[in-house]
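Take a moment to turn the model around before reading on. Then let us walk through it together, one part at a time.

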Amino acid sequence: LMALVASTLLDLVKNLRAFAGVLVVVYYVFAVFGIWLFEGAIKPPTGMSVLTMENITSNLSTACGTYEQLGYWPNNFDDFAAAIILLYDVMIVNNWQAFMEAYSRYTSEWSKVYFVCWWLTSSVMWVNLFVALILENFIYKWDRSHSCSVTDVERIQYETSVQFLFKEQIQEPTEKELVCQLHQHPHLHLDC
C-alpha cells in the first residue's frame with residue numbers, strides 16, 4: 001500500500017506541470033489587475049522603518065487585528081513581488097479579511113469584490129482541484145493495481161471507482177427497513 005501511495009505522489013509531479021502552469025497564469029493576471037487597481041492606495045506612515053519601537057507602540061492605538069495594527073505595510077500592490085505575496089496570504093487565508101477591510105477603507109467598497117473573487121478562485125477552486133487531482137491519481141493507481149478484466153468491468157457497469165473501493169464495507173438496507181424508517185420520521189406523513 002505504501003508503494004502505491006509513493007508511486008502516486010511521484011506520478012503526481014507529471015500531472016502538476018499543467019496545473020502549476022495554469023496557477024501561475026491566474027496568479028499573474030490577478031497580480032497585474034491588483035496593481036492596476038490598487039497601486040499606491042495604502043501608504044505606510046512616514047518615518048517608520050519595518051520594525052521599530054515607534055511602530056510597535058503606534059500600533060497599540062489602532063484596532064486589534066487591522067491591517068495597520070498587524071503591520072502589513074509591505075503587503076500591498078505597489079510592485080509585482082509584493083502583489084504575489086499579498087495574493088498568497090489571501091490564498092492561504094492568512095488574515096485575508098484584514099487586507100479586504102483595509103483596501104475597502106483606503107479605496108472603495110468595490111475592492112471587496114476583487115478580494116472575494118481571488119479567495120473563491122484560489123482557496124475554494126484551486127485547493128479543491130489540487131485535492132481532486134491527488135485523489136484521481138490515487139484512484140487511477142488503485143484501479144490499475146487491482147486491475148479488472150473486461151468481463152468484470154461489464155459486470156460492474158455503472159459503479160464508479162470510489163464505490164468499487166468501498167463496496168465490501170457498504171451494506172445496503174432492505175426495502176422493508178427503508179419503508180419502516182420512513183414511517184418513523186416525525187415530519188414525514190406517508191399515506192399508505
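Predicted model: local features only at pLDDT ≥ 70, side-chain atom pairs only at ≥ 80, totals over all residues.

**Trp 118 and Ser 123**

Now pick out Trp 118, and set aside residues up to four places away in sequence. Trp 118 then touches Val 26, Tyr 27, Phe 30, Leu 87, Val 90, Met 91 and Ser 123.

Is Ser 123 buried or exposed? Its relative accessibility is 14%, and under 20% counts as buried, so Ser 123 is buried. Apart from neighbours within four places in sequence, Ser 123 is in contact with Val 90, Met 91, Val 93 and Trp 118. With Met 91 there is also a polar pairing to look for: a polar atom of the Ser 123 side chain lies 2.6 Å from the backbone oxygen of Met 91.

**Stretches listed in the record**

An unreviewed UniProt entry lists residues 18-38, 80-98 and 113-135 under "transmembrane region". In the model, the chain over residues 18-38 is 100% helix and 0% strand, with its end C-alpha atoms 30 Å apart. Residues 113-135 are likewise 100% helix and 0% strand, and there the end C-alpha atoms are 31 Å apart.

**The loop between α4 and α5**

Next, follow the chain out of α4. Most residues other than glycine have a negative phi. Val 93, in the loop between α4 and α5, has a positive phi near 60 degrees. Asn 95 is found in the loop between α4 and α5 as well, and its phi is also positive, at about 55 degrees, although it is not a glycine.

How accessible are Val 93 and Asn 95? Val 93 counts as partly exposed because its relative accessibility is 42%. Asn 95 counts as partly exposed too, at 26%.

With 42% relative accessibility, Arg 105 counts as partly exposed. Which side chains does Arg 105 reach through polar contacts? One is the side chain of Glu 68, and another is that of Glu 101. Arg 105 is also 63 residues away from Ile 42 in sequence, yet their C-alpha atoms are 9.6 Å apart in space.

| Polar pair | Distance |
|---|---|
| Ser 123 side chain and Met 91 backbone oxygen | 2.6 Å |
| Arg 105 side chain and Glu 68 side chain | 2.9 Å |
| Arg 105 side chain and Glu 101 side chain | 2.4 Å |

Notes:
Residues numbered from 1 in each chain as written. Heavy atoms only, no water. Contact = heavy atoms within 4.5 Å. Buried < 20%, exposed > 50% of the residue type's maximum accessible area, 1.4 Å probe, protein only. Polar contact = N/O pair within 3.5 Å; in protein donor to acceptor, adjacent residues only side chain to side chain. UniProt positions renumbered as here; feature names shortened; annotations may be inferred. Helix = DSSP H or I, 4+ residues; strand = E, 2+ residues; numbered from the N terminus.
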